[in-house]
Amino acid sequence: MARKSRNPNFDQTLELLHAHSFDVVPQAGVADSVLVSKYGAAAVIAPAHDAPAAFVERPGALIRGEVARLIDRGYQKFLVISKYELPATAVQLEAIHRFSEELKQLTGSISLYNESLGTTSDVYQYDRLKGREVEQPVPASPWDTAESH
């Protein structure tokens, strides 16, 4: 008698997602990738050699057929697609979080503690941190002399 595999392959994972009311649509761009969506949120996944599925695009809100990236600017989170940048609403953030947790559970992905607490952003861009990445030269002190004694 054949035993069921505990580690499903990519096709079995897609069937499992479809059975749990996820919309699964082939995605152009990356070979064998699919767009998985539910609750107004989506992610693009593809087969991986060491896991049933790997993220090509992380979970985000589905806006005009694109998976939006979530950017945190310190005072507000924004959803960014190729043509638009929109402020994220609490309903959208909750949908992304709920979708992400369900997707990770069904695909067998690692669920990290900090991600389980709430929605995490793809990029953090705080105003007060702009320009810090460039190394600034240290100004010379007035008591330092160019000549040595």
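Helices here are DSSP runs of H or I with at least four residues, strands are E runs of at least two, and both are numbered from the N terminus.

This is a predicted model, in which local features need pLDDT of at least 70 and side-chain atom pairs count only at pLDDT 80 or more, while totals for chains, interfaces and linings use all residues. Residues are numbered from 1 along each chain as its sequence is written, and side-chain values use heavy atoms, with hydrogens and water left out.

The protein chain holds 3 helices and 9 strands, and along the sequence they follow the pattern α-β-β-β-β-β-β-β-β-α-α-β.

Which residues of α1 are buried? In this helix, residues 10–19, they are F10, T13, L14 and L17. These residues lie on the same side of α1, because they cover an arc of only 100° around the axis, the arc being that of the directions from the helix axis to the C-beta atoms. D11, E15 and A19, on the other side of α1, are exposed. Buried denotes under 20% relative accessible area, exposed over 50%, and partly exposed in between, with a 1.4 Å probe and protein chains only.

The buried residues of α1 pack against β1 (23–26), β2 (34–38), β3 (41–46) and α2 (90–107); contact means heavy atoms within 4.5 Å.

Turning to the whole chain, 30% of its 149 residues are buried. Of its contacts with a separation of 6 or more, 38% involve residues 24 or more positions apart.
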